[in-house]
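Please find below a colleague's note on the structure under review. The points are numbered and may be read separately.

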Amino acid sequence: MRRAPRGILLIGLVLVGLAAFLAALVPLTNGVIEQWARRDVELRSELVVNSIRDRVEREMADRPEALGAFFERLTGDERILALGLCDPAGRMRVATARMPTGVDCRLEGSSLTPRFVRTRLAGERVLVGVFPIAGASPASLVVLHELAFVADRIGEARWYLALLGFALLVGVGGVGTVLVLASQRRDMRALLTGLHELRAARPERRPLMDPATREESREIRGLLRDFRETMRREDGSPVEWSPSTLQDLLEKELPDAEVFVVSNREPYIHNRVGDRIVVQRPASGLVSALEPVMRACGGVWVAHGSGSADRETVDAEDHVAVPPGKPAYRLRRVWISDEEQEGYYYGLANEGLWPLCHLAYVRPIFREADWQHYVAVNQRFADAVVREATRPDPVIMVQDYHFALLPRMIREQLPKATILTFWHIPWPNAEAFGICPWKEEIIAGLLGSTVLGFHTQAHCNNFFETVDRFMESRIDRDHRSVVFGGEETMVRPYPISIEWPPAALASQQPVEVCRAAVRERFGLPAEMRIGVGIERFDYTKGILDRLQAIDELLTRQPEWKGRFTFLQIVAPTRSKLASYTALQAEAIRITEEVNARHGREGYQPIQLVIRHHEPDEVYELFRAADVCVVSSLHDGMNLVAKEFVAARDDEQGALVLSRFAGASSELSEALIINPYDVQGMAEALGRALVMREDEQRERMRLMRAHVRERNVYRWAGQILLDASRLRKRQRVQEFEAAD
């Protein structure tokens, strides 16, 4: 019975503590509001200056008197007290009527950095902002904002805080009282129940839980742990995905499964150079993503043998163990004649499907002869996979637009196979895809898959729309699947990524060493800021617009001439196609024009390097760069952006990223641009070059955490988990059919 008074005392102490906390919170709140208000005014000042900068720069040399009237109109804003223009010596040249005398408008430190000062002028609290202005002669723009409204905001905040405190005190007191009374009633009921049990108790004591029950409890706890782990994997929560994680998943979910990868491009190419054979890793996002997965899973990779020494390095069954020096899986090479390569690869795949899906304003070309070669090569790869399979139910990962017919062809020969098809490029809307003469055959081929994956949900939605428009099928949008010919295909987004940590990062020197090496290689002085762009020579990558943006940057901000150079690294590709050779010629022409316009002896704003770079070279360039530009006009994902983030373990550097690359939906901390807006891209470049180190660090930390958690092993793991569920469901259906 004495417990209730103690509970009331405890409630009183809590209320006193809460009141003291709220009282201590008042000065802290005042300070925070004052900081917010000041930052708000600073941002308003920057907005005003940015909106009038161009006009001020044009008129301050020729017609400074016109600026007076212009400034007076701007001070109609209720918080802008005055505007003025000062010369480098700090003398006021143009000012509005309310501009006080004696305002200090000199810039301190770097001429590129604005200065903000709080002070009192004529009894009023004001914020003085001094901004550098470029032009025929340097100058500074002065903006005076009144700060009286800050006191009003603080007063309002105090009232709100007082009301909140009163509500909390009443709420906590009421709830506490109810809980104390309920506790007293529960104690009385427990006491009475205990007395009754004591009367009825037997002398012997029974164990709380017998061994069988205890064993069942352990099993239930184990099942709950497994369930929580599965849910963590499925909902994308941070699980440390790694090669070992992927191997464990295969052993648990797909025991004894044969794993195949089928792609046009092979992960290792053997070429003859003189009298020796060299191994090359192709510049391919697909290879970069899948090769670590195969190293973790083992199995067989089936690909086109394209190297000049590929036939010399395979065994009698066209196999070669890779990676060289540390074999982890087998590469099975398929041979394609030059005529087939022209029709299947250069023709339908890259003159037809590639521009059709990328919407990059290059007209797709469709030829009947190309289609026939495409069908024949797809069938040859399907036959190779079937011959390699030693089980009736292998797991086959089909990659990209080169093999749209392959899933159906394999399904016809291996009906129990689990076929996971991933479309690495965008899928356009139904109207755009409708111009393809063989759209029904391509869609039917893809619907031979067990799981069909795209980078984004938008691409999945476009595929559903296309199927709905052109095929007799049943679309289940709730389960995100298509039933065609009595078979169900799951359609899911699986954003592809890179391995973590990247293998190429292990051999890298510290960032400063990389930067010194790159500067020495390209003849750059120590103070030179470096930008990089690294990709294949493809018209979807926005290379020409990027070069024009550098021209725009140096035109609008000439102070970067001699202080900034851009290293455009491009690997030649598909050089037999006219659109690609024209792109390369145009890139060379623009580079020469920009260098002639802004360069000088010993300085080139753009250095265009056209050759293949190995991963170690690429990562060294990433680590040396101050800014990386990825300006794709349309891209499924673009792993270059993620590789740049992974390379920066120093948490420095800025990423300028196209909104039309799939990576932009994941790396939102990058500077997102419209690659068709050359001026906007130039402004983003300028912002990246002056970004503070602490801001770079915050952005890079968030992006690195995302790439680390959602790495390529997680991408493969999600696809394989879905495959595992479908295989288990198929077995259940087989049991039901047998019964």
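1. The word "buried" is used in this note for a residue with under 20% relative accessible area. The model is predicted, and every value quoted here is computed from that predicted model. In helix H9, the residues that are buried in this sense include Asp 370, Trp 371, His 373, Tyr 374, Val 377 and Asn 378. Further along, Phe 381, Ala 382, Ala 384, Val 385 and Glu 388 are also among the buried residues of H9. An α-helix has 3.6 residues a turn, so residues three or four places apart point the same way. As to its length, H9 covers residues 368–388, 21 residues in number. From its first C-alpha to its last it reaches 31 Å, close to the 30 Å expected at 1.5 Å a residue.

2. On the overall composition, the protein holds 21 helices and 23 strands. It has 739 residues, of which 50% count as buried. Considering contacts between residues at least 6 apart in sequence, 72% join residues at least 24 apart.

3. The next matter is an open sheet of six strands, ordered S20-S19-S18-S21-S22-S23 and paired in parallel. Its edge strands, each pairing on one side only, are S20 (606–610) and S23 (671–673). From one strand to the next, the twist averages 20°.

4. S18 is mostly covered, since seven of its eight residues are buried. Helix H14 (residues 511–522) lies across S18 (529–536), S19 (564–571) and S20, and runs at about 85° to S19.

5. Is Glu 535 buried or exposed? This residue belongs to strand S18. Glu 535 counts as buried because its relative accessibility is 9%, and the cut-off for that class is under 20%. Its side chain makes a polar contact of 2.6 Å with the side chain of Arg 546. Leaving aside residues up to four places away in sequence, Glu 535 touches Lys 541, Ile 543, Arg 546, Gln 568, Ile 569, Val 570 and Ala 571.

6. In soluble globular proteins, nonpolar side chains tend to be buried together. The surroundings of Leu 655 deserve a separate listing. Not counting residues up to four places away in sequence, Leu 655 touches Cys 628, Val 630, Ala 641, Phe 644, Val 645, Leu 667, Ala 670, Leu 671 and Met 703.

7. A hairpin is formed by S7 and S8, with two residues between the strands. Strand S7 (residues 269–273) and strand S8 (residues 276–280) run antiparallel and are joined by five bridges. Arg 272 stands opposite Ile 277 of S8. In this hairpin, Gly 274 takes a positive phi near 70°.

8. Two cis peptide bonds should be noted by anyone inspecting the backbone. Val 322 and Pro 323 are joined by a cis peptide bond with omega at about -5°, and Pro 323 lies in the loop between strand S10 (319–322) and strand S11 (329–334). The peptide bond from Trp 500 to Pro 501 is likewise cis, with omega near -5°. Pro 501 is placed in the loop between strand S17 (487–493) and H14.

9. Which residues other than glycine have a positive phi? Asp 318 is one of them, with phi near 65°, and its position is in the loop between helix H7 (310–313) and S10. Arg 480 is another, with a phi of about 55°. Arg 480 lies in the loop between strand S15 (474–476) and strand S16 (481–484). Because its relative accessibility is 31%, Arg 480 counts as partly exposed.

Technical notes: Residues numbered from 1 in each chain as written. Predicted model: local features only at pLDDT ≥ 70, side-chain atom pairs only at ≥ 80, totals over all residues. Heavy atoms only, no water. Helix = DSSP H or I, 4+ residues; strand = E, 2+ residues; numbered from the N terminus. Expected span 1.5 Å × (residues − 1). Buried < 20%, exposed > 50% of the residue type's maximum accessible area, 1.4 Å probe, protein only. Pairing = 2+ DSSP bridges. Axes fitted to C-alpha atoms, helices over the stretch in contact; angles between N-to-C directions. Contact = heavy atoms within 4.5 Å. Polar contact = N/O pair within 3.5 Å; in protein donor to acceptor, adjacent residues only side chain to side chain.
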